[in-house]
Structure formats: structure tokens, C-alpha cells
Amino acid sequence: FWPDPPTTGAEPLQAWMPRILQRVECALGALLPSVEVFPCALHEAMRYATLGGGKRLRALLCHAAGELVDADPRLLDGAASAIEMIHAYSLVHDDLPAMDNDLLRRGQPTVHVRYGEATAILVGDGLQAQAFVVIGELSGSAEQKLALLHELAHASSSLGMVGGQAIDLASVGLSLPREELERMHRMKTGALLRAAVLMGAHCGVSPIEPGLHHALDDYQRALGLAFQVVDDVLDVTTDAATLGKTPGKDAQDHKPTYVSLLGLDAARALAGQLGERARDALAPLGARAAHLHGLADMVVHRVY
Ligand code: GRG
């Protein structure tokens with residue numbers, strides 16, 4: 001899809017990030033069915049849901065972790081695109097009236113607002129299946145593809161993202177204890193962030209070495225939680241134009257958040273501590289992990 005990167009961790013983040021974002025956008029465009037393929041209207045809506053928006057954090061994490069094992073960048077493009085398709089599907093379904101009933105996503109009308117509810121359901125279903133089609137058709141070895149499929153399927157399952165969403169829906173109006181809130185977020189958003197990191201490492205030619213697995217696991221755990229705490233903080237401190245979605249929705253919907261549990265200042269402090277923890281986890285990996293460091297900073301300091 002795109003020329004291969006020149007180096008690994010040595011490339012400054014300011015150059016690395018736009019280059020990877022461009023690769024991923026290009027790969028996603030190529031790996032989603034074209035609007036010219038029947039059924040054209042569904043494919044148009046699937047592309048609307050996925051392309052031209054979003055921070056692509058999961059794709060960036062996949063690429064940054066893959067660089068640690070000198071993974072083939074084209075394999076990383078495919079794995080990163082599959083994760084972004086699952087992520088896009090989850091947002092489309094989460095925005096539906098039966099779930100969060102959101103009107104805006106990434107600054108644009110949500111898929112059900114633009115194309116109708118029935119199409120939005122099919123868009124999510126289509127994106128979910130397409131993610132696994134993409135992995136099945138990658139050029140990696142059978143072992144690599146199996147590891148990628150298993151990692152992504154497990155993260156998306158009722159033991160991961162979908163289970164977390166079920167707990168979230170059941171928790172409306174309840175004051176969950178902190179450990180329960182943490183478990184819900186570990187499943188709902190953390191599972192896919194974890195998969196992004198580990199799938200990058202699965203794109204290496206050998207199975208993930210235990211020391212690396214350990215470091216990446218500690219990193220993703222802290223990063224996933226930091227992401228959610230920052231999300232809760234931004235939800236009460238940022239306006240709709242910047243967020244690209246309706247702010248304050250969780251509070252209005254009586255959903256428990258880190259801000260409602262800890263207060264704004266303590267939630268901000270917690271995000272900083274978790275960012276530190278994520279960076280500490282990378283210490284054994286040295287300078288090669290510079291891009292993963294940069295992504296942890298991005299998560300903690302993001303403004304949308
Ligand atoms: C409906 C199956 C199903 C799952 C939904 C992940 C999820 C489960 C719902 C997302 C709801 C939500 C807004 C959670 C807050 C954290 C989050 C995942 C925010 C969106 O992720 P970003 O900020 O989005 O990475 P972009 O647009 O940058 O890709």
C-alpha cells in the first residue's frame with residue numbers, strides 16, 4: 001500500500017506518526033469493500049463509519065509494537081486495519097438508540113442518523129466480519145494469522161469488549177465500586193487496546209518472547225486504564241466541537257465514571273500516574289520502545 005518505513009524506533013514521533021497514519025488510512029481504504037461493489041449503499045455506509053476520522057490509536061499501537069519485533073510493515077497495516085474495523089463497528093453499535101443513542105461521532109452525524117438504524121446494525125456486522133476476512137487474507141504464516149485471529153476474536157468477545165459493554169449497560173444508575181468499574185473498562189475498551197499491542201508483536205516472525213510479552217502486558221494495562229480515565233475527564237471538561245461527540249453523556253445517563261467516583265482533580269492525577277506506569281513498563285525494552293512511549297504520552301495528554 002505504502003513505501004516501507006526507513007527505520008524502527010529511531011524515527012522521531014513527529015515524523016513517524018503522520019507516516020503511519022497515512023499508511024493505515026491507505027490500507028483501510030483498500031481493505032474495505034469499494035462503493036462500487038454490490039451492495040453499494042451498505043459499503044458506502046461501512047466506509048463512512050471507518051474512514052477519515054478518529055485518532056487511530058489502536059493502529060498506531062499495533063505498528064509501534066510490531067517495530068519491536070521487526071515485523072513486516074505490510075502485515076502490520078493489515079492487522080492495524082482489522083483492529084480499526086472492529087473499533088469502528090463497536091462505535092456504530094454503541095451509538096445506536098438501543099445503546100447510547102448518540103447523534104455525533106468524530107464530528108459527523110452517527111451512522112444510524114445518516115443511514116438509518118437497520119443499516120447501522122448491518123454496518124457493524126459487516127465491519128466485524130470484514131476484520132477477520134482481512135486477517136485471513138494476510139500474507140503472513142499460518143501461525144501468525146492464527147495468533148492474530150485468536151487475539152482479535154478474544155478481545156472482541158463476551159469475555160472482552162462485548163462483555164464490557166454488557167456490564168456497562170447493566171451498571172446505569174448504579175454506583176459501581178472502583179474495582180468493578182476498572183474490570184468493566186478493562187473489558188470494554190482495554191481488551192481492544194491490549195489486542196492492538198499484542199497483535200503488533202504477533203506480526204514478528206517468531207512467537208512473542210516471554211520478557212517482551214510481560215513488558216507489553218504491563219504497558220497495555222496501564223495505558224488502557226489511563227485512556228479511560230482521560231476519556232472521563234474530557235467528557236466533563238471539553239466542548240462538543242472539540243470532542244466531536246456529545247459531552248457529559250455518561251453523567252446524564254447516570255453511568256459511573258472516574259470523575260464521578262474520584263472527583264476531577266484526583267482523576268487527572270490518576271491519569272498521570274497511569275501514564276508513568278505505562279512508561280515504566282517499557283524500561284526493559286530501551287530506546288526501541290520510543291514510539292510506544294510517545295503513544296502513552298499522547299493518551300495522557302490528548303485533548304479529544
Ligand atoms: C456495542 C459491541 C459494542 C461495543 C461497544 C468500545 C465500546 C464498546 C463502546 C465505545 C463507547 C465509548 C465512547 C467508550 C469510551 C472510550 C472509547 C472507546 C472512546 C472512543 O475511542 P477513541 O477515542 O475513538 O479511540 P476514535 O474516534 O479516536 O477512534
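**Close-up views of a predicted model**

**View 1. Surroundings of the ligand.** The ligand is surrounded by 16 residues, and the closest are G54, K55, S90, H93 and D94; a residue counts as near when its C-beta atom, placed from the backbone, lies within 6 Å of the molecule. The structure is a predicted model, in which local features need pLDDT of at least 70 and side-chain atom pairs count only at pLDDT 80 or more, while totals for chains, interfaces and linings use all residues. Residues are numbered from 1 along each chain as its sequence is written. Helices α4, α8 (161-170) and α9 each supply at least two residues of this shell, and α4 gives the most, with five residues. Helices are DSSP runs of H or I with at least four residues, strands are runs of E with at least two, and both are numbered from the N terminus. The shell has five nonpolar, six polar and five charged residues. Ala, Val, Leu, Ile, Met, Phe, Trp, Tyr, Cys and Pro count as nonpolar, Asp, Glu, Lys and Arg as charged, and the others, Gly among them, as polar.

**View 2. Helices α4 and α9.** The axes of α4 (residues 73-95) and α9 (residues 178-202) come within 10 Å and cross at roughly 170°. Helix α4 is therefore roughly antiparallel to α9, a term for angles over 145 degrees. Axes are lines fitted to C-alpha atoms, for helices over the stretch in contact, and angles run from 0 to 180 degrees between N-to-C directions. On the α4 side, L76, A79, I83, I86 and H87 meet L192, A195, A196, M199 and G200 of α9; contact requires C-beta atoms, placed from the backbone, within 7 Å. The residues of this contact comprise eight nonpolar, two polar and no charged.

**View 3. Residue A195 in helix α9.** A195 lies in α9 and counts as buried because 29 C-beta neighbours fall inside 10 Å; the cut-off for buried is 20 or more other C-beta atoms within 10 Å, with C-beta atoms placed from the backbone. Apart from neighbours within four places in sequence, A195 is in contact with I83, E151, L152 and A155.

**View 4. Helix α1.** Helix α1 (residues 13-31) has 19 residues and reaches 26 Å from its first C-alpha to its last, close to the expected 27 Å; the expected span is 1.5 Å times one less than the number of residues. The buried residues of α1 include W16, I20 and V24. Those buried residues pack against α2 (40-50), α3 (57-67), α4, α6 (117-136) and α15 (290-301).

Notes: Angles under 35 degrees count as roughly parallel, over 145 as roughly antiparallel, 65 to 115 as roughly perpendicular and the rest as oblique. Two residues are in contact if their C-beta atoms, placed from the backbone, lie within 7 Å. A residue is buried if 20 or more other C-beta atoms lie within 10 Å of its own, exposed if 12 or fewer, and partly exposed in between; C-beta atoms are placed from the backbone.
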